[in-house]
Amino acid sequence: MADESDKEDRTEAPSGRKLEQAREEGNVPRSRELSTFAVTMAGVALLIATGGNLFNALKQGMKAWFTFDQESLKDPFTIMGRLRESVQGTLLEMAPLLGGLFLVAALTPLLIGGWNFTSKGFMPNFGKINPLPGFKRMFSIQALTEGLKAILKSALIGGVATWVIWNERSELLGLIKMPLDAGILKLMALMEHTFLVVAGAMMILVALDVPFQLWQYTKNLRMTKEEVKKEYKEQEGSPEVKGRIRQLQREAARRRMMQEIPNANVIVTNPTHYAVAFKYDEEMAAPVLIAKGSLKVAERIIQSGQEHRITILRAPSFARALYFNVELGDQIPSQLYTAAAQVLAYIHQLKNFEQSGGLAPIFPEHLDVPSELDPESKRQQHTPPKT
């Protein structure tokens, strides 16, 4: 019952990995009917092509074997030598036929399963010694299907062969009246015709068996939903592991970011929700964002800036625009050039004041930050006025 329930749960098509594992274990689709048909047709074709030479070789061999003289009868080694020569000549003439049949038998299975070599098939499997699975297979649906196929195959081939021989009965009876050589040639021609018709009938079995074997192979490798999920986790990694990897990557990126803060020209804050740091020199086309963060990370950025004596400015809209629109290592967009220039100009004036004295610079009360780049400004624009 558990096996039947498990089969019913296997509703998912086999994955690429499942098919690959099956091939590694030597499990590939094969069709016996296709192999039988190919070998039979090849045998008939080779007999037609080489039958004349093979017949002559057999004829000469039998003549040499059964023709004796007095000297030959006195020497048994001569008789054995003739037998050896006769057998060698016959085998040599049969070599194309046997070689062709072997080649076809070896290559035909590759048509639907492809080439597959695995050493696992040579490993001992003591589980096959257990008779219980064998008894189960004897009374399984697959065994019943194979039995029905064998009955239908025998009925089809036997019926076609009987029909052909019945139609050729007059010619077969006429062989009695023909000379030996002519009778043998006629018999071979009748056999070739019979084999061709029977092989043609086998094409029906091949046309039915090949799709069935491919369907049966895929069906046997079906997977349950749990197996699909498990395989996906094994290939892609479990969510816990992937989450841990992402966490480690974020921590590494954060450490690199914090190491860049001493190179910043200025840190702009919200003042507590967001903090961003950027740097600029004459070789750059535009200022580059080197650090950004919110809440706890923003506090660490500000703390690091204080430790390294980096100027920290409170510019909420500019900080938010940089935080939401610029990635680490990217240049500030052109829409924020004016605001960045205002900040950098103030930093330059502040350094001059600290070094030379004079009038203290005044930080601009409003920086030129487009409202579409500041989420807070956009939210205020879309908030209806209170009545």
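**Entry 1: Asn 270**

A residue counts as buried when its relative accessible area is under 20%. I note at the outset that the model I examined is a predicted one.

I looked up Asn 270 and found its relative accessible area to be 10%, so I recorded Asn 270 as buried. I then located Asn 270 in the loop that runs between strand E1 (266-269) and strand E2 (274-279).

Next I listed the residues that Asn 270 touches, leaving out those up to four places away in sequence: they are Pro 316, Ala 319 and Arg 320. With Arg 320, I noted a polar contact from side chain to side chain, at 3.1 Å.

**Entry 2: Gln 342**

I turned to Gln 342, which I placed in helix H15, a helix of residues 337-356.

**Entry 3: The whole protein**

I counted 16 helices and 4 strands in the protein. Of its 387 residues, 28% count as buried.

I looked up the contacts with a separation of 6 or more, and 72% of them join residues 24 or more positions apart. Last, I recorded an accessible surface of about 26400 Å² for the protein, with 60% of that surface belonging to carbon and sulfur atoms.

Conventions: Residues are numbered from 1 along each chain as its sequence is written. This is a predicted model: local features need pLDDT of at least 70, side-chain atom pairs count only at pLDDT 80 or more; totals for chains, interfaces and linings use all residues. Side-chain values use heavy atoms; hydrogens and water are left out. Helices (H or I, at least four residues) and strands (E, at least two) are DSSP runs, numbered from the N terminus. Buried means under 20% relative accessible area, exposed over 50%, partly exposed in between (1.4 Å probe, protein chains only). A polar contact is a pair of N or O atoms within 3.5 Å; within protein, one must be able to donate a hydrogen and the other to accept it, and residues adjacent in sequence count only if both atoms are side-chain atoms. Contact means heavy atoms within 4.5 Å. Accessible areas come from the Shrake-Rupley method with a 1.4 Å probe; for residues, only the protein chains shown count as cover.
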